[in-house]
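Please look at the sequence and the model below before reading on.

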Amino acid sequence: MTARDFDAIIVGSGPGGSTAADVLTAAGWSVVVFEKGRNHLIDTGDPTRLSTDFSNDEIKFMIRHFLGPDPLLEPRTFRREESDGDRTHVGEVNNVASTVGGGGPHADGKVPRFREDDFRMLSEWGPVEGASVADWPIGYEDLEPAYAEAERLIGVAGEAGANPFAAPRSGPYPMPPGPPMYGALITSDAAERHGWHPYPAPTAVNSVPYDDRPACNNCGFCAFFGCPIHAKGDPVASLRRALLTGRAELRPETFVSRIMVRDGRATGVEYRGPDGQARTETAGHVIVAAGGMETPRLLLLSGLEHPMIGRNLMFHLQTYVMGALPVRVHGHKGRSVTHVHDDFVVPDAASLAAAREAGLPWFKGGMVEHAGPAHPILEAKLAPWGPGHKDAMRRSQMREHLWGFCMQGEDLPQPSNRVDLDPSVRDVRGVPALRVTYRPHAHEQAASAYYGPMMEDCLRTAGAEWALTYAAPGAFDPVPMSRHVAGTARMGTDPAHSVCDPWGRLHDVPNVVVADSSLFPTGAGYGPTLTLVALAIRNMGALAPHRGG
Amino acid sequence: MAVWLTDGQYRIVQAVCARLIPTDQDPGATEAGVVDYIDGLLGAFSFDPPRIWAGGPFSGRTGGDGAFASFHRLGPLDELAWRTRIEGSRGLPEREWNGPVRGLQEIYAEGLDRLGADFADAGGDEQDRRLRADEEFTRQVYGHACEGMYGAPEYGGNRAGLGWAYIGFEGDVQPRGYSDEEVSGP
């Protein structure tokens, strides 16, 4: 065997890739982490120093793509179905931040665990026509130790026992919950009066100093903003540990364009660094953690031909129910979301009857976040121009009074929902853009139609003068925007129906290991981050003794 | 002193912004200098580093050093993206990986021409009529006007925080943040 540059090449520095780097370097591996975005997270020369680039700046983060990707440089394309033609939309398609730390810096850090039945949807709830519902090859009990480890590593604040629907835990959360937001207290009270069970959102935001990082000070620039004081448990913790071993190298602004495969084994990758020159690097393993959309793109760019690559693409069908509360809820004070409830994740007799009426055997909703919009440019752009503008902004029906719910509706996997390569649109490097073909299943639409009015009623109980429901993607805006992406390299035991084995290895190229939410056979009604980190802890731990390949 | 707009264009943009976000008992776009935000965006590459992304982590408004005014350096791809977005692709092959791109400078120059050289001196009703007749351009300017009214002052608009003050928004608050009582109380 020839000398290799690294034991492993890791593609992507988000929660999955950073976790892989942490676990593998702790086991003595040498790794290089390629990240196509820029580095605003950590000083690679001195990993004890964290970056100062993040700020409370709506223009920089919400309008000017500071965390990337810039949709001009890296367009994605979209169509609802093949009969739409090559595409109906070019630009931003459910973009997650493309930067060192991946989606971590931009997220507001809600990190719930999945429940037991999320791992065995087929045997628990059964098949649904038109969907490829499947059991995971592992159960909650297999993942519980890794969940606990993930919560400890990234630092999660929460209250064990507060959610009656939660799966059993081996221990408490590492930190207590942070302060509840005023609006969330109002809607939590109303939700309890409706018989629901709101609880403090498990949040990867420090409520007390933790892991050499300070407690959150409630600045309110949380979701979509990097944290200026690094109180968020984004991947900075795992990345810092990996770099401090001296066995990890981080290369930002470096785009991996192909995994080189010979005789069923990966030998390394082709990449382009900041200077644009194409180069190669070799390694015993390639860990792919580029996210649920870029991971299948890279597998397809590498010429891998498994027919399931890119299929079963899942987002969340988000049901927003918003109403105007008479009081000023000041959603800009606090950490975006402090309360959630899981009552709609669990089917009951009434929801099963509603499902049958909709022609479905069952449906599930998703975790419901209690939240409201917080920032003035967003509000202003939706306000009228002219004489009414100032009054609208002073009354602030949106920023100061709008409050409500966002249900992260579980999206069923469908083989026809997929990522593939656009036939002609290219990124700035000349590499084919990824194309999304996606339309929701009747399942998630029926769940949204069922739970939406219940949430509207609850908002009226909370005092809202009016309430309205908007489900996304919907008829007017079919392009998904949930930022939650999964399923495009699903794992399973049967190589005919899954891309990866139960340890995340490609069936066809076993020294390529996927370490992100692409692995998920089903998507659950919860954000994917903690589960993909736990999977990476489990799978990389199993890989670690096999450094030689 | 305008950065990119001509004196005539500057007057028109200022007049447009005054119609979009008028002055009433509270300051409007005129007092907040929204035109300077737009001029600063169109002329972002007149500065080094270009005025695209303000610095961090703090502005100095609630403590810490005032770092917003030190704009980030752009990497080669970021510069390519923002030059293309602002200046247009101008037939340059390196800017046309997916075909030609119209730049903001061209969009503004043509839009302001359509509004007419006499726009700033026309009556309010006539100004509104012209703005409504050119809905797409007006929408674009309005979006920028909102950014200039309610974005960080370091980008050239929201002078002295006037846009934030009249709506009771405190703007960026790091490193002070909000107390637990401010978060949980009315």
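## Strands of chain A

Strand E8 (residues 265–272) of chain A and strand E9(A) run antiparallel and are joined by 5 bridges. The model shown here is predicted. In this pairing, Arg272(A) has Ala278(A) in E9(A) as its bridge partner. The hairpin of E8(A) and E9(A) has 5 residues between the strands, and Gly276(A) in that hairpin takes a positive phi near 85°.

Strand E9 (residues 278–288) of chain A also pairs with strand E1 (residues 6–11) of chain A; these two run parallel, with 5 bridges. Here Ile10(A) stands opposite Ile287(A) of E9(A). A further 3 bridges join E9(A) to E17(A), and this pair is parallel. Val286(A) stands opposite Val512(A) of E17(A).

| Strand paired with E9(A) | Direction | Bridges |
|---|---|---|
| E8(A) | antiparallel | 5 bridges |
| E1(A) | parallel | 5 bridges |
| E17(A) | parallel | 3 bridges |

In general, the side chains of a regular strand alternate between the two faces of the sheet.

## A residue in strand E17(A)

Val514(A) belongs to strand E17 (residues 512–514) of chain A. Is Val514(A) buried or exposed? Val514(A) counts as buried because 32 C-beta neighbours lie inside 10 Å, and the cut-off for buried is 20 or more. Apart from neighbours within four places in sequence, Val514(A) is in contact with Val288(A), Thr295(A), Ala489(A), Cys500(A), Gly504(A) and Leu519(A). Arg262(A) and Val514(A) are 252 residues apart in sequence, and their C-alpha atoms are 18 Å apart in space.

## Two helices of chain B

In chain B, the axes of helix H3 (residues 34–42) and helix H7 (residues 135–150) come within 8 Å and cross at roughly 115°. H3(B) is therefore roughly perpendicular to H7(B). Their crossing is right-handed. On the H3(B) side, Val34(B), Tyr37(B), Ile38(B) and Leu41(B) take part, meeting His144(B), Ala145(B), Glu147(B), Gly148(B) and Met149(B) of H7(B). By class, this contact consists of 6 nonpolar, 2 polar and 1 charged residues.

## Where the chains touch

How many residues of chain B are in contact with chain A? There are 48, and they are in contact with 49 residues of chain A. On the chain B side, the elements giving two or more residues are helix H1 (7–20), helix H4 (76–87), H7, helix H8 (162–167) and helix H9 (180–184). That side has 28 nonpolar, 11 polar and 9 charged residues.

Methods
Residues are numbered from 1 along each chain as its sequence is written. Chains are lettered from A and ligands numbered from 1 in the order in which they are written. This is a predicted model: local features need pLDDT of at least 70, side-chain atom pairs count only at pLDDT 80 or more; totals for chains, interfaces and linings use all residues. Axes are lines fitted to C-alpha atoms, for helices over the stretch in contact, and angles run from 0 to 180 degrees between N-to-C directions. Helices (H or I, at least four residues) and strands (E, at least two) are DSSP runs, numbered from the N terminus. Angles under 35 degrees count as roughly parallel, over 145 as roughly antiparallel, 65 to 115 as roughly perpendicular and the rest as oblique. A crossing is left-handed if the near helix is turned anticlockwise from the far one by less than a right angle, and right-handed if clockwise. Two residues are in contact if their C-beta atoms, placed from the backbone, lie within 7 Å. Ala, Val, Leu, Ile, Met, Phe, Trp, Tyr, Cys and Pro count as nonpolar, Asp, Glu, Lys and Arg as charged, and the others, Gly among them, as polar. A residue is buried if 20 or more other C-beta atoms lie within 10 Å of its own, exposed if 12 or fewer, and partly exposed in between; C-beta atoms are placed from the backbone. Two strands pair if DSSP finds at least two bridges between them.
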